[in-house]
Amino acid sequence: MVTTKAPTHVPGRQRFGGLLNGDYQTFLALFGFGALFTAFQNLPKLREFLFGQSVVDFPAVFGLLVVLCAMFWRGLLRRGFVWAEPAALTWMDFARVDRRRVVVKRMWTLWFGLVLVVGYTGALVTAIGGGSKDVWIAMSALTASGAILAAVTARRTAIRGETLAPVVLALAGLAFAAAGLGPVAVDVLAGALFVVAVAVVFGGEPMSGVGRQELVDGWNARLLRAMAAVFMDPMLLIPESKPVPWLSLRRPTTLRLAWAGVLGRARYAAASVVIACLVGVAHLAFPAIPAAALFALGAYAALVPFVGGLGELWRNPGRRRWLGASDGELRLVNGLVIALLGLVWGILLGLVTLLLGVAPAWPVWLAIPLGVFAALRTATRPPMNYDVSGGAAGLQALRGVDVLVVGAVLLSVIA
């Protein structure tokens with residue numbers, strides 16, 4: 001008797017995300033591919049936009065790609081591919097489908113997309129700068145080794161302290177940019193990353209073997225993110241807080257809840273360090289891009305996960321009545337806590353710029369309090385009003401980002 005593997009495709013679901021069905025997904029894919037390909041036909045304009053009249057600093061570009069690999073690695077370590085729809089799980093059980101194959105295929109799809117982003121960025125910047133053959137080889141080796149390391153660590157169960165590894169890689173990219181290291185050093189780093197990947201590949205259990213409850217929990221988190229996109233509610237995208245055992249809330253106060261919201265999301269501190277490295281290296285690699293815009297965007301991205309506690313209280317009137325705090329008190333106390341985090345992140349960014357030897361003008365540093373204010377404005381957005389036109393609803397969803405964009409433009413003009 002010959003047995004065949006049961007298909008992993010759920011009946012009635014589109015294959016490849018609908019990219020091959022000739023509908024709007026196909027159009028968007030073709031349009032995106034065309035836009036990415038067209039960039040290589042406008043290299044002089046992109047060079048002027050990124051570098052201006054400056055000479056391309058390839059050590060800084062190497063450092064930038066290393067930091068991008070660290071961000072790629074950090075994103076894959078979140079293991080957002082570990083999910084399965086409950087109905088599809090039931091079908092798999094009755095159809096005798098190995099659910100592990102489904103999770104593995106999803107992981108490789110996400111991995112391939114991230115590799116394309118990092119690889120495309122490295123190839124485009126190298127082409128703009130007119131890199132030599134050694135530069136192309138170094139860029140390719142670094143992208144390949146970083147991708148292999150990210151894959152072998154994400155496919156297995158979590159290693160204690162693994163979230164610090166991307167921070168170490170980002171600091172290595174910072175050192176590359178500061179020391180002005182060339183393609184040979186990048187090849188050595190790529191070889192070291194490959195050796196680490198070979199060492200890590202042995203041991204641990206594959207994430208594809210998690211139980212049904214973990215898969216359903218992942219599906220619930222994904223469904224929440226999807227609904228946030230459909231209903232244009234970005235606050236639903238802010239991660240939930242983890243319990244803080246040593247912080248008692250038996251006598252809840254606004255200050256305790258503010259710190260509980262921040263400490264419960266401490267797992268995003270490593271990402272904030274990587275963002276600081278990315279902003280500093282990008283400022284060195286792309287001197288023509290206004291530093292104020294980079295600093296403002298970086299501060300907002302680093303701080304917005306930590307305003308989730310304020311956002312949960314703000315959109316839940318029952319919790320606010322339970323706490324008994326006024327709107328002004330919530331804004332003031334949480335604002336002070338987030339401002340303190342912004343100060344710490346600003347000091348970290350200052351150390352990064354000092355190490356890289358760049359000295360932004362003083363108005364540029366005003367972008368950090370701008371990012372703090374924009375994050376708080378995002379968290380204190382009133383409930384969405386859908387009885388308005390699409391443009392007005394979009395402006396509601398962009399609350400906080402609007403101030404960030406306007407402020408960054410003004411600071412860029414001043415600086």
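W108 is partly exposed, with a relative accessible area of 39%. Here buried means under 20% relative accessible area, exposed means over 50%, and partly exposed lies in between (1.4 Å probe, protein chains only). W111 counts as buried, at 18% relative accessibility. Both tryptophans lie in helix α5, 3 residues apart, about one turn of the helix. Helices are DSSP runs of H or I with at least four residues, strands are runs of E with at least two, and numbering starts from the N terminus.

The model is predicted: local features need pLDDT of at least 70, side-chain atom pairs count only at pLDDT 80 or more, and totals for chains, interfaces and linings use all residues. Residues are numbered from 1 along each chain as its sequence is written, and side-chain values use heavy atoms, with hydrogens and water left out.

Aromatic pairs were examined next. Rings of Phe, Tyr and Trp (its six-membered ring) pair if their centres lie within 6.5 Å; planes under 30 degrees apart count as stacked, over 60 as edge-to-face and the rest as tilted. The count by this rule is 5 aromatic pairs. One of these is F40 with Y120. Their ring centres are 5.7 Å apart and their planes stand at 85 degrees, so the pair is edge-to-face. This pair links distant parts of the chain, 80 residues apart. F40 is in the loop between α1 (24-39) and α2 (43-51), whereas Y120 is in helix α5 (residues 99-129). F40 is partly exposed, at 30% relative accessible area. Y120 is also partly exposed, at 23%. W108 and W111 form an aromatic pair that is edge-to-face, with 5.1 Å centre to centre and 85 degrees between the planes.

Two arginines sit over tryptophan rings. The criterion is that NZ of Lys or CZ of Arg is within 6 Å of the ring centre and within 35 degrees of the ring normal. The charged end of R106 sits over the ring of W83, at 3.7 Å from its centre. R320 lies over the face of W314, and the distance to the ring centre is 4.6 Å.

In soluble globular proteins, nonpolar side chains tend to be buried together. A nonpolar core is defined as a set of buried Ala, Val, Leu, Ile, Met, Phe, Trp, Tyr and Cys residues joined through side-chain atoms within 4.5 Å. The largest such core has 114 residues. Those with the most contacts inside it are F72, L142, F286, F295, V307, W345 and L356. Helix α3 (residues 58-77) gives the most to this core, with 14 residues. Contact means heavy atoms within 4.5 Å. Not counting residues up to four places away in sequence, L142 touches F62, L65, V66, C69, V186, L189, A190 and L193.

C69 counts as buried, at 4% relative accessibility. A disulfide requires a pair of cysteine sulfur atoms within 2.5 Å. The count is 0 disulfides. C69 is in no disulfide, and the nearest cysteine sulfur, that of C277, is 14 Å away. For C277, the closest cysteine sulfur is in C69, and 14 Å is too far for a bond. C277 is buried as well, at 2% relative accessibility.

S272 is in helix α11 (residues 269-285) and is buried, with a relative accessible area of 9%. Its side chain reaches the backbone oxygen of A302 at 3.2 Å. Outside four places in sequence, S272 touches A302, F306 and W345; W345 is among the core residues with the most contacts. N334 is in helix α15 (residues 327-356) and is buried at 7% relative accessible area. Leaving aside neighbours within four places in sequence, N334 is in contact with T254, A258, L310 and L376.

V201 is found in the loop between α8 (183-200) and α9 (212-230). V201 counts as partly exposed, at 32% relative accessibility. Beyond neighbours within four places in sequence, V201 is in contact with V152 and R155. V201 and F33 are 168 residues apart in sequence and 34 Å apart in space, C-alpha to C-alpha. A415 lies in the segment after α18 (401-414). With neighbours within four places in sequence left aside, A415 is in contact with P363 and V364. The C-alpha atoms of A415 and K45 are separated by 23 Å, and the two residues are 370 residues apart along the chain.

Definitions and conventions: A polar contact is a pair of N or O atoms within 3.5 Å; within protein, one must be able to donate a hydrogen and the other to accept it, and residues adjacent in sequence count only if both atoms are side-chain atoms.
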